[in-house]
Amino acid sequence: MIDTGTADARERLEAVLGVRRLVDEAVAGGPYDSVEALAATVDAAAARLSDAELDEAAGAHPRIGETPAPGSLSAGEQAGLGRAEEGLDAAIARGNAVYEGRFGRIFLLRAAGRSQQDVLDELQRRLKNDPVEEAEEAKQQLREIIAMRLRQVFGGRE
């Protein structure tokens with residue numbers, strides 16, 4: 001059982017979701033019999049993300065390729081990118097700057113399970129999107145990040 005009515009659960013949801021409406025809907029829908037039930041409720045709510053909510057969530061994420069705060073959810077996810085490689089790091093940093101100038105938000109990508117080269121390839125591909133296509137793709141990536149984080153943070157609490 002996952003009781004979302006506690007202060008601790010709300011704090012964890014805020015860290016995972018980064019969007020006030022999603023947190024409120026997750027709390028209101030609880031308690032949950034399983035992490036999968038919680039994830040399904042949140043995914044249904046996240047399917048209706050506005051562009052403003054996407055920006056709200058993006059503000060809670062570090063730039064991919066930069067060193068996240070130790071112990072943060074992002075730190076674990078980006079750890080799998082492998083050791084720093086000067087050329088790839090620089091290319092990702094340049095791509096991040098171009099992306100932010102073009103789309104007005106940081107580049108969101110589920111980093112878990114990807115290499116630095118994968119990140120760079122995806123960044124370059126998505127820079128070709130128009131703003132509407134990219135917002136939808138960023139929202140989908142955010143949904144994947146959220147689902148993974150919910151399972152990580154709440155998976156052992158059933």
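Reader: Y99 and F107, buried or exposed?
Author: Both Y99 and F107 are buried (under 20% relative accessible area, with exposed over 50% and partly exposed in between, for a 1.4 Å probe and protein chains only). This is a predicted model, where local features need pLDDT of at least 70, side-chain atom pairs count only at pLDDT 80 or more, and totals for chains, interfaces and linings use all residues. Residues are numbered from 1 along each chain as its sequence is written, and side-chain values use heavy atoms, leaving out hydrogens and water.

Reader: How many aromatic pairs are there?
Author: The count is two aromatic pairs, with rings of Phe, Tyr and Trp (its six-membered ring) pairing if their centres lie within 6.5 Å; planes under 30 degrees apart are stacked, over 60 edge-to-face, the rest tilted.

Reader: What about Y99 and F103?
Author: Their ring centres are 4.8 Å apart and the planes are at 55°, so that pair is tilted.

Reader: And Y99 with F107?
Author: Those centres lie 5.2 Å apart with the planes at 70°, so the pair is edge-to-face. Y99, F103 and F107 make up one aromatic cluster.

Reader: Switching to helix α7, which residues are buried?
Author: In α7 (residues 116–126), the buried ones are Q116, V119, L120, E122, L123 and R126. They cover an arc of only 165° around the axis, which puts them on the same side of α7; the arc is that of the directions from the helix axis to the C-beta atoms. Helices here are DSSP runs (H or I, at least four residues), as are strands (E, at least two), numbered from the N terminus.

Reader: What do they pack against?
Author: The buried residues of α7 pack against α6 and α8 (131–154), with contact meaning heavy atoms within 4.5 Å.
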